[in-house]
Amino acid sequence: MCGIVGYIGYEQAGPFLLDGLEKLEYRGYDSAGVCLNDGNALVVKKSKGKLKVLKDLTEDGRTLKGTVGIGHTRWATHGEPSDVNAHPHLSESGRFAVVHNGIIENYQQLKDYLTSKGIEFRSMTDTEVIAQLIEYYYKGDLIDTVIKVLEKLDGSYALGVISQENPDEIVAVRKESPLIIGLGEKENFIASDVTAILSKTRKIYRLENNEIAILNRDSVKIINTDKDEVKKEIETVNWDINAAEKGGYEHFMFKEIMEQPKAVSDTISPRIKNGRVVLDEIKLTKEQLQNFTKINILACGSAYHVGVVAKYIFEKMLRIPVEVDLASEFRYRDPIINDKVLTVVISQSGETADTKEAMKEAQRRGSHVISIVNVVGSAIAVESNDVIYTWAGPEIAVATTKAYSTQLAVIYLMALYFGDMLGTIVEDEYKALVAELEHLPERIEEILGHKEKVQYLASKYFNTKDVFFIGRNIDYALSLEGSLKLKEISYIHSEAYAAGELKHGTISLIEQGTPVIALATHEELIGKIISNIEEVKTRGAQVMCIACDNHPEIEKIGQTVFIPKSCDMLLPSLAVIPLQLFAYYVASLKGCDIDKPRNLAKSVTVE
Ligand code: G6P
């Protein structure tokens, strides 16, 4: 959600800025722009819509003059997506330019104040107040001015500022929104995340709240708001640069679906030693663990769906009650959380605003937080008490696939590790589960090898308007993810229902030809889900099933995608593969913008 990039060096900034913005496209945006100091003035080019418009306008940045510049992809919050609301925003005289990610909560008061002083605003954005405030307070020292302006701002921000007055400098600052500084040879960078600068450097500083970076061509200085220098460690990013490229695939989403065996293996293998799960990153002792009376899971979107799966698994394997909350709801319901509650926070980006704030609320109430995060060094990873990283590598498609799968893998590892510590899993079962877990990547690979069957089924369904997903127990948790995947990238209306709940209302929506996707992998409830499938079929539903290969009879009641039989706990990792592929193929047949679905953002950094 909103992407920031900036360059200062000895080369033309334009091509890098446009390339960096392209790398940030995945975060979600509806307009884009750049501002460069061309030696005489700050020159802004910006446009509504896809980055392609800006690229065409500037010949991929080559027509832009200047070796210092900032760029931005905007996901509209205040003011519709339009050329004028796109960033960068200039101050009234055009001497200062600002790009911003986040929300300035008191922007209206600040705008009213500045308007009363005769300053004219051009846009509807909250960001423009920052540019105008800088000019209003500027008395010759940009850093002093930025610090003064920060005191006036309520809300969250990552900012990049350039000025005509200081043509050899970029000033960057963050509070609650991510921003990194890239360190090059005779060039330095700012960016919302590392994917934008990986082609240039792997050396970065991660800005923390209220740190201000002053970038020149040959140096970077970090200070706090008292102007004291902050000494920071340089971090070296080890992400493979090719991981953020399509590598011959038509879409990132498909590439990421296909990368799942490796991502799951990378997440699991280093944590199984001599047949035992070892989570060195968790500092909790057995005594502390025994003290917890509840597990509280917080997340948004697909990560929340992982949480719903985890509830079934943790309760069964650890015998501790589990509550799963949407992070955006948790904060405002006065939750009953204390030091007897273990909180598990799940987030791919580690920056989702609601998840981060919910985590802090849990911590304020005394809860120990373990986070499951993909982006190393992200806010949630750093601020949680313990972090278990998923080793999925960069995930670019907005609709998550490999991050979801690696999050599930961590849930299994946690269930086994804690179950072993608490003695709630018998040794034989433990050994069998670990052995199966080690084979999980191969099983995922096997399902991916039969993707054409799912492609064929997608061709039968892609014209439909509504789809219902049903399942029981963990299959229900999984149907939530299958439904979300389909709707977010294909724009087909879909809903997930606990199969037993159908008769309480939803079945009235089933008519001749209504597609129903039934998840029937849970061994204990196979008879019950078959009855539910028969009920919808009797009313005209066209049924597609996902079932384990030890139940070939299911094919008689609906077209079926079979997955290899495995232990119940691990089946979500297998059953989710056809669901992801189904959504992908349907969206592809409909010609949708699969990697960047309309209105959605990968990294949701506003509440
Ligand atoms: C967005 C993404 C989803 C993701 C959710 C939570 O909606 O499109 O794929 O599940 O945010 O993001 P997080 O980074 O916290 O996992």
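Strand E6, residues 96-104, gives the largest share of the lining of the largest cavity, with 3 residues. That's where we'll start our walk through this structure, which is a predicted model.

How do we look for empty space at all? Rolling a probe the size of a water molecule over the atoms shows where empty space is left. Here the search turns up 2 cavities of 30 Å³ or more. The largest cavity holds about 90 Å³ of space. Its lining is made of 13 residues, and those that lie nearest the centre are Cys 2, Trp 75, Thr 77, His 87 and Gly 102. Sort that lining by class and you get 4 nonpolar, 7 polar and 2 charged residues.

Besides being one of the residues nearest the centre of the largest cavity, His 87 is joined to Pro 88 by a cis peptide bond, with omega at about -5 degrees. To find Pro 88, look in the loop that runs between strand E4 (68-74) and strand E5 (89-90). Another spot to check out is Glu 176, in the loop between strand E8 (170-175) and strand E9 (180-183). Its phi is near 70 degrees, a positive value even though the residue isn't glycine. Why point out these two places? Most residues other than glycine have a negative phi, and most peptide bonds are trans.

Now for the ligand. Which space does the ligand take up? It's the second largest pocket. About 580 Å³ of space lies in this pocket. The lining counts 26 residues, and Cys 300, Gly 301, Ser 302, Lys 602 and Val 604 are the ones nearest the pocket's centre. Several elements each give two or more residues to that lining: helix H9, strand E19 (341-347), helix H11 (353-364), helix H13 (402-422) and helix H16 (474-490). By class, the pocket lining splits into 12 nonpolar, 10 polar and 4 charged residues.

Zoom in on the ligand itself, and you'll find 13 residues around it, with Ser 302, Ser 347, Gln 348, Ser 349 and Thr 352 coming nearest. Helix H9, residues 301-318, supplies the largest share of this shell, 3 residues. As for the make-up of the shell, 5 of its residues are nonpolar, 7 are polar and 1 is charged.

Which backbone atoms does the ligand's oxygen meet? At Gln 348, a backbone N or O atom lies 2.7 Å from an oxygen atom of the ligand. For Ser 302, the distance between a polar backbone atom and a ligand oxygen is 3.0 Å. Ala 601 also has a polar backbone atom facing this way on your list, 3.5 Å from an oxygen atom of the ligand. On its own, the ligand has 390 Å² of accessible area, and the protein covers 89% of that.

Methods. Residues are numbered from 1 along each chain as its sequence is written. This is a predicted model: local features need pLDDT of at least 70, side-chain atom pairs count only at pLDDT 80 or more; totals for chains, interfaces and linings use all residues. Side-chain values use heavy atoms; hydrogens and water are left out. A residue is near a molecule or strand if one of its heavy atoms lies within 4 Å of it. A polar contact is a pair of N or O atoms within 3.5 Å; within protein, one must be able to donate a hydrogen and the other to accept it, and residues adjacent in sequence count only if both atoms are side-chain atoms. Accessible areas come from the Shrake-Rupley method with a 1.4 Å probe; for residues, only the protein chains shown count as cover. On a 1 Å grid over the protein atoms alone, a cavity is a set of points where a 1.4 Å probe fits but cannot get out, and a pocket is an open set with protein on both sides within 12 Å along at least five of seven lines; lining residues have an atom within 4 Å of a point. A molecule sits in a cavity or pocket if more than half of its atoms lie within 2 Å of its grid points. Helices (H or I, at least four residues) and strands (E, at least two) are DSSP runs, numbered from the N terminus. Ala, Val, Leu, Ile, Met, Phe, Trp, Tyr, Cys and Pro count as nonpolar, Asp, Glu, Lys and Arg as charged, and the others, Gly among them, as polar. Grid points are joined across faces, edges and corners, and a volume is the space filled by probe spheres set on the points.
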